[in-house]
Amino acid sequence: MKQASFAVLAAFGLCASAQAQDASESAVPTPLAVSKSAQLLTGDTWRDGDHLFRLYGVQSCLRGTSAEEQNGNKIDCGNTSLAHLAALFDSAAVTCQPIGYALDKAVFVVCGAQLNGETIDVGTALIATGYAFAATTAKGKAVNQNYLVAEINAKMKRAGLWSTTFQHPVQLLLNKRSERQHETR
């Protein structure tokens with residue numbers, strides 16, 4: 001009986017493995033290059049042709065929110081995030097790997113930029129320099145722990161936007177979500 005059960009399990013395992021391999025080979029999206037004509041919408045989202053793309057695990061500052069510099073000058077936090085994404089896209093060849101879809105049908109991507117013969121992760125670069133933040137789940141848990149480490153380091157160094165006073169975009173989004181949930185109850 002044990003041998004028969006094992007044979008059935010082994011056969012099932014082989015069939016399941018073959019099906020998974022066939023499905024994954026046909027479903028694996030191919031990497032894509034970000035064109036120089038991409039329209040940047042925020043510091044983490046852009047439109048390229050008919051497609052909307054968003055960096056996975058990255059949250060830029062929200063456009064229309066302000067950051068106050070030490071001299072009292074107020075700047076648009078979201079535009080500052082956007083400017084740094086634009087600078088990175090302008091100065092490097094960026095290739096992205098699609099990994100899924102956001103609720104608004106944007107394609108989530110993880111991107112690498114070629115700079116001085118090195119490939120850097122775009123999300124890490126933006127977060128480590130203080131111009132983007134680690135995105136979280138609705139419960140406030142970081143989507144990518146490496147990005148959270150990069151954010152904490154940028155905050156400790158007071159890099160980029162961390163040298164200003166601003167409302168953290170993740171907290172703003174979590175507060176909005178909480179308000180919407182209270183309104184529907």
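Predicted model: local features only at pLDDT ≥ 70, side-chain atom pairs only at ≥ 80, totals over all residues.

**Entry: a ring inside**

I began with phenylalanine 133, which counts as buried at 0% relative accessibility. For the record, buried means under 20% relative accessible area, exposed means over 50%, and partly exposed lies in between (1.4 Å probe, protein chains only). Residues are numbered from 1 along each chain as its sequence is written, and side-chain values use heavy atoms, with hydrogens and water left out.

**Entry: aromatic pairs**

How many aromatic pairs are there? I get six, taking rings of Phe, Tyr and Trp (its six-membered ring) as paired if their centres lie within 6.5 Å, with planes under 30 degrees apart called stacked, over 60 edge-to-face and the rest tilted. One of them joins phenylalanine 133 and tryptophan 162 edge-to-face, at 5.6 Å centre to centre and 80° between the planes. Phenylalanine 133 sits in strand 11 (residues 133-134) and tryptophan 162 in the loop between helix 4 (145-157) and strand 12 (165-166), so this pair ties together parts 29 residues apart in sequence. I use DSSP runs for helices (H or I, at least four residues) and strands (E, at least two), numbered from the N terminus. Tryptophan 162 is buried too, with a relative accessible area of 9%.

Phenylalanine 133 also pairs with phenylalanine 166, tilted this time: 5.5 Å centre to centre and 35° between the planes. Here strand 11 is tied to strand 12, because that is where phenylalanine 133 and phenylalanine 166 lie, 33 residues apart in sequence. Phenylalanine 166 counts as buried at 15% relative accessibility. Elsewhere I noted a cluster in which ring pairs link Trp46, Phe53 and Phe89.

**Entry: disulfides**

Which cysteines are joined? I find two disulfides, each a pair of cysteine sulfur atoms within 2.5 Å. Cysteine 61 is joined to cysteine 77, with S to S at 1.8 Å, and the link is right-handed with 65° about the S-S bond. It connects distant parts of the chain: cysteine 61 is in the loop between strand 5 (58-59) and strand 6 (66-68), cysteine 77 is in helix 2 (residues 77-91), and the two are 16 residues apart. Both cysteine 61 and cysteine 77 are buried.

Cysteine 96 and cysteine 111 make a disulfide with their sulfur atoms 2.0 Å apart. This link is right-handed, with 105° about the S-S bond. It runs from strand 8 (residues 93-101) to strand 9 (residues 107-115), across 15 residues. Cysteine 96 and cysteine 111 are both buried. With the bonded cysteines numbered in sequence order, I wrote down the pairing as 1-2, 3-4.

Next I traced an open sheet of three strands in the order 7-6-12, with antiparallel pairing; two strands pair if DSSP finds at least two bridges between them. Strand 7 (74-76) and strand 12 are the edges, each pairing on one side only. Strand 6 and strand 12 pair in the antiparallel sense over two bridges, and glutamate 68 stands opposite threonine 165 of strand 12. Helix 2 packs on this sheet, touching strand 6, strand 7 and strand 12, and its direction makes about 55° with that of strand 7. Contact means heavy atoms within 4.5 Å; axes are lines fitted to C-alpha atoms, for helices over the stretch in contact, with angles from 0 to 180 degrees between N-to-C directions.

**Entry: charges**

A search of the whole structure gave me one salt bridge, that is, a side-chain nitrogen of Lys or Arg within 4 Å of a carboxyl oxygen of Asp or Glu. Its partners are arginine 54 and aspartate 104, at 2.8 Å from N to O. Arginine 54 lies in strand 4 (residues 51-55) and aspartate 104 in the loop between strand 8 and strand 9, so the pair ties together parts 50 residues apart in sequence. Aspartate 104 is partly exposed, at 42% relative accessible area.

**Entry: totals**

I count five helices and twelve strands in the protein. Of its 185 residues, 34% count as buried. Among contacts with a separation of 6 or more, 55% come from residues 24 or more positions apart.
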